[in-house]
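This report looks at domain contacts, ligand surroundings and charge pairs. Please view the sequence and the model below first.

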Amino acid sequence: MDITSLIDPLNDAQRAAVTAPNQAVLVLAGAGSGKTRVLVHRIAWQIQVEGISAHGILAVTFTNKAAREMRNRLEDLLEHSVHTMWIGTFHGLAHRLLRRHAKQAKLPDTFQVMDSADQLRVIKRLVAGMNLDETKWPPKQIQWYINAQKDEGKRAKHQLETGDVFQRQMLAVYRAYEEICDRSGLVDFAELLLRAHELLRDNADLLEFYQQRFLRVHVDEFQDTNTIQYAWLRLLTDGKDNLFVVGDDDQSIYGWRGARIENIFSFQQHYPNHQVIKLEQNYRSTGNILKAANKVISVNEARMGKELWTDAGEGELISLYAAFNELDEAYFVVDRIKAWVNEGGLRSDAAILYRSNAQSRQFEEKLMATGTPYRVYGGLRFFERAEIKNALAYLRLMSNRDDDASFERVINTPTRGLGAKAIDDIRLIAKDQSMSLWSAAITLLKQKPMTPRAKNALVGFLELIDRLSTQAEGLELHEKVQMVNEQSGLIELYKNEKGDRGEEKLENLDELINAARLFDGGQENEENLNELDLFLAHASLEAGDMQGEEFEDCVQLMTLHSAKGLEFKLVFLVGMEEGLFPSQQSSDDIARLEEERRLCYVGMTRAMRQLYLTYAESRRIYGKESYPRPSRFLREIPAECIQEVRMRATVSRPQATAKPIDLIAQGRQFKLGQRVGHSKFGEGVVLQMEGEGAQERAQINFKQAGVKWLMLSYAQLEAL
Ligand code: ATP
Ligand code: MG
């Protein structure tokens, strides 16, 4: 391979970063300036020029998608595979370490990973078991507290007892939660990181082994590492200067989840021989988009301060659309995507980005109605669906009987005649005797009188799991899943469920078999680890991966948070409204508001060529109707970068106000008194007209259905 191909497509500053000698390097630069590109090229450089084996390289990125992309880009550059390289997310890599060294990590070999919904369920049960009032001790808040402690590396035993009643109670719950998890072999996401850190910290031999193995350590999106992640990196690179990190303080968007922007400063203290490299040219976006994004982020006070430039030319103006309501917003966006595709654009180059998962539904419905393939990242993901989690719970129990979260989940799903009383008895024994629910169930059978019906049901359940687990031996992974689907009674259960939902659940169970068939544990598999456990961990860790065909050309839907690091030619930033974005909770807290603004900066800088910003004048969300004001971020965009668009016409925006201005009075489609026909309501007479363009509405007196207001862009009225 020719070395010039590694450095030719780089500018001077990028080249300096790629070829810097082996020392600590911090690349600090704005969005789209080539940080990720530099990181990939540097790894290729180390392999190609410095002769370091891929085996000796560790790379951490923020999402599984980014990790896959990085590996692909690297293999393209090198023209050979780098499967021995460790590349993944902090959670994924921590999981890999714990699986390899479960004993030293004080975990059972069959430990299971809980996602946050599982974790919440365990906490809920705990709160009930401790007789705490859920309204005073909301499980979500407890979950937040526990995870925040773990992110800071603190176990319950590290906390000082204070006189504070609240604090004392939280601590008691944390302690009890740790006990349950230990007893059940359950590991939540924050625990993965904490335990992986403790594993290396407390096992000098292991630490030395990995320090020697990883000659080079790289981190993308460094601004969003939390305390424990950074501590883990420091252990691995202790005494060596082999840590290469890239990041952007303006894109730090996980403060609410424990990320510490201070790590950028700590890095500079901990690695005194470090070099800082700044990149200033943006290669991603056109001039208008970049100028607008620069301006918005400049409103923040807490910044290191840097400005990006581009030589890409001004490009198109940013488009602003004021929708009548959330339906109209979805209608508009999908309409524009259709036009994009008609003009030869790829669907996968178009992304709809929103602040909160709840916003995706409207877009999904509209996309579905128009037969446009799409893929939602995040949201209620495949592996998070109830039917899938039920099947997985059986599989988990087969692997680890002490998994209380799974036991709870399926002890009575499908119902098997076990009353609440019997289940409460099991919980009580588990609590009193500090044992898992499984052991408690056995104890109950031995020690306490039960009704014959409950006894049969419980014995039936325990035997079912034992039988499944014996029969699973020697089966292929997907055959195990198929067996569970059939013998657990889940298929029967959903067959009897009425309507489309039952059908859909059955399809999903089939899809799970498929997922198991396609599952490739990658490097872990080569290490001869238990495939079922790897698959189950994959289900928790990579929940977003099984939806839609990865390679199908489909529109991309995701939250702003999950769009980090990605780029798309056409971007819709939707729901630009006060209360939604910035979110309600952040509007009177400066630090949180600045984090929201960084999120806006992240969103805008995803766009390469065209950026649409939309907001709705009225919105129904979380079951409530509201009339929000346009987001303050819209006002922060220079007027000359933006144009207001209507459904059918485009006009320039004359001044820097976020309020839409009626610029063109369009001719009315119908006259007052005119007779019209509607597919559902039948025949009627137009009483009133109001609004314009996409917002044009008519009040119609239908012969059968009575008086109704209809949006003309949806109603498809026919003049009679
Ligand atoms: P973000 O902060 O959003 O993660 P980034 O700094 O990691 O962005 P990249 O994703 O690496 O930026 O690069 C942005 C785009 O610019 C990519 O399409 C990349 O291929 C391109 N690019 C980067 N550097 C150059 C260059 N020197 N010449 C041409 N294109 C470049
Ligand atoms: Mg990047």
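In this predicted model, the side chain of Arg 284 places an N or O atom 2.8 Å from an oxygen atom of ligand 1. For Lys 35, the distance from a side-chain N or O atom is 2.6 Å. For Thr 36, a polar side-chain atom lies 2.8 Å away.

| Side chain | Distance to an oxygen atom of ligand 1 |
|---|---|
| Lys 35 | 2.6 Å |
| Thr 36 | 2.8 Å |
| Arg 284 | 2.8 Å |

Which residues come nearest to ligand 1? There are 19 residues around the ligand, and Lys 35, Arg 37, Gln 251, Glu 567 and Arg 606 come nearest.

Next, the domains. The domain assignment divides the protein chain into domain 1 (4-99 + 194-281), domain 2 (112-184), domain 3 (297-381 + 544-644), domain 4 (384-521) and domain 5 (675-719). Domain 1 and domain 3 are each written as two segments.

Domain 2 and domain 4 touch. Their centres, taken over C-alpha atoms, are 26 Å apart. Domain 2 brings 13 residues to the contact, and domain 4 brings 18 residues. About 1,300 Å² is buried between the two, and carbon and sulfur atoms give 42% of that area. On the domain 2 side, Gln 112, Arg 125 and Arg 183 lose the most area to domain 4. Together they account for 48% of what that side buries.

How many salt bridges link domain 2 and domain 4? The count is five. Nine residue pairs are in polar contact across the interface of domain 2 and domain 4.

Which elements supply the domain 2 side? Strand 4 (112-113), helix 6 (116-129) and helix 8 (165-184) each give two or more residues. Helix 6 gives the most, with six residues. By type, the domain 2 side divides into five nonpolar, three polar and five charged residues.

Finally, charge pairs in the structure as a whole. Side chains of opposite charge can pair when their charged atoms come close. A search of the whole structure finds 43 salt bridges. One of them joins Glu 596 and Arg 355, with the closest N and O atoms 2.6 Å apart. This pair links distant parts of the chain, 241 residues apart. Glu 596 sits in helix 26 (residues 590-604). Arg 355 lies in the loop between strand 10 (350-354) and helix 15 (360-369).

Methods:
Residues numbered from 1 in each chain as written. Chains lettered and ligands numbered in written order. Predicted model: local features only at pLDDT ≥ 70, side-chain atom pairs only at ≥ 80, totals over all residues. Heavy atoms only, no water. Domains from an automatic or database assignment. Contact = heavy atoms within 4.5 Å. Buried area = accessible area lost by both parts, 1.4 Å probe. Salt bridge = Lys/Arg side-chain N within 4 Å of Asp/Glu carboxyl O. Polar contact = N/O pair within 3.5 Å; in protein donor to acceptor, adjacent residues only side chain to side chain. Helix = DSSP H or I, 4+ residues; strand = E, 2+ residues; numbered from the N terminus. Nonpolar A, V, L, I, M, F, W, Y, C, P; charged D, E, K, R; others polar. Near = heavy atom within 4 Å.
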